[in-house]
Amino acid sequence: MEKKNVISLGDLQRQEIDCPVLAFSTSCYVTDLSLFLDEIYSLRFERYCSELEVTMPSAGKNSARTVKLPLMHYDDLSTKIHYLLFDLSSVQMPGDAGFGIDKLLALDGFSCTQQAQRILDDLTLLQPKKIMPGDFLGRRREEYRQTLVREAIINVEGYYFENPMSSLNTTAQASASAKQRRHIDFMNRFVLNCLRSVDDAFQQQEEENEKNIGAISWW
């Protein structure tokens, strides 16, 4: 009997954005933002070994072009959340992209929507949080949060393209103006390209690691 391949994986490239994204306008370097997020949420961001080549989609009179973006990333093994922090400070975003976005944080993995909502709420809250007496770690985190919100963050926007009704979307898509819809559409295409670049880079790194391990095994 002739054997057939009954499993067709098709195009494995990411086709849609299935994770929440926060876009920041800040007055600080990406390393400063990552360090503050480390302190507030017990993360350990590290810089990716090379800049990622990402396609900036066409917008208005601007044609599509390739840009290079530095990346900070962290895998939280306890919460199963993968954090990706893109530095857009050297990129000229289109006018419809809103408020001078210079950082982009994507969260992927288990329970990532709850964590993204927590970060969005924390970094848009100016009022001090109540800290219980004796909670020294909580007080330290609140001091970092207050400093970040008051001195470094100008604005934050949230996007959860998979669920337009989610509270993570700071712009209600149903009632968005034409300009806001253009902005949302651009961000959808741009973030998707960013995530695809990360997928490609990490896959290539994994293949190189396997190749290096194979070479050592045969030494």
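User: What percentage of the 219 residues of the protein chain count as buried?
Analyst: This is a predicted model, in which local features need pLDDT of at least 70 and side-chain atom pairs pLDDT 80 or more, while totals for chains, interfaces and linings use all residues. Residues are numbered from 1 along each chain as its sequence is written, and side-chain values use heavy atoms, with hydrogens and water left out. Buried means under 20% relative accessible area, exposed over 50% and partly exposed in between, with a 1.4 Å probe and protein chains only. Of the 219 residues in the protein chain, the buried share is 43%.

User: Which pattern does the protein chain follow along the sequence?
Analyst: Helices (H or I, at least four residues) and strands (E, at least two) are DSSP runs, numbered from the N terminus. The protein chain has 4 helices and 8 strands. Their order along the sequence is β-α-β-β-β-β-β-β-α-α-β-α.

User: How do the rings of tyrosine 48 and phenylalanine 202 pair: stacked, edge-to-face or tilted?
Analyst: The whole structure contains 6 aromatic pairs (Phe, Tyr or six-membered Trp rings with centres within 6.5 Å; planes under 30 degrees apart are stacked, over 60 edge-to-face, the rest tilted). Here the centres of tyrosine 48 and phenylalanine 202 are 5.4 Å apart and the planes stand at 35°, so the pair is tilted.

User: How many residues apart in sequence are the parts that this pair ties together?
Analyst: Tyrosine 48 sits in the loop between strand 2 (46–47) and strand 3 (52–56), and its relative accessible area of 8% makes it buried. Phenylalanine 202 belongs to helix 4 (residues 178–217) and is partly exposed at 22% relative accessibility.

User: Which residues do ring pairs link into a cluster?
Analyst: Beyond the pair described above, ring pairs also build a cluster. The residues linked in it are Phe45, Tyr74 and Tyr83.

User: Which element gives the most to the lining of the largest pocket?
Analyst: A pocket is an open set of points on a 1 Å grid over the protein atoms alone, with protein on both sides within 12 Å along at least five of seven lines; lining residues have an atom within 4 Å of a point. The largest pocket is lined by residues including Tyr48, Cys49, Ser50, Glu51 and Leu52, and also Ser197, Asp200 and Ala201. With 6 residues, the top contributor to this lining is helix 4.

Conventions
On a 1 Å grid over the protein atoms alone, a cavity is a set of points where a 1.4 Å probe fits but cannot get out, and a pocket is an open set with protein on both sides within 12 Å along at least five of seven lines; lining residues have an atom within 4 Å of a point.
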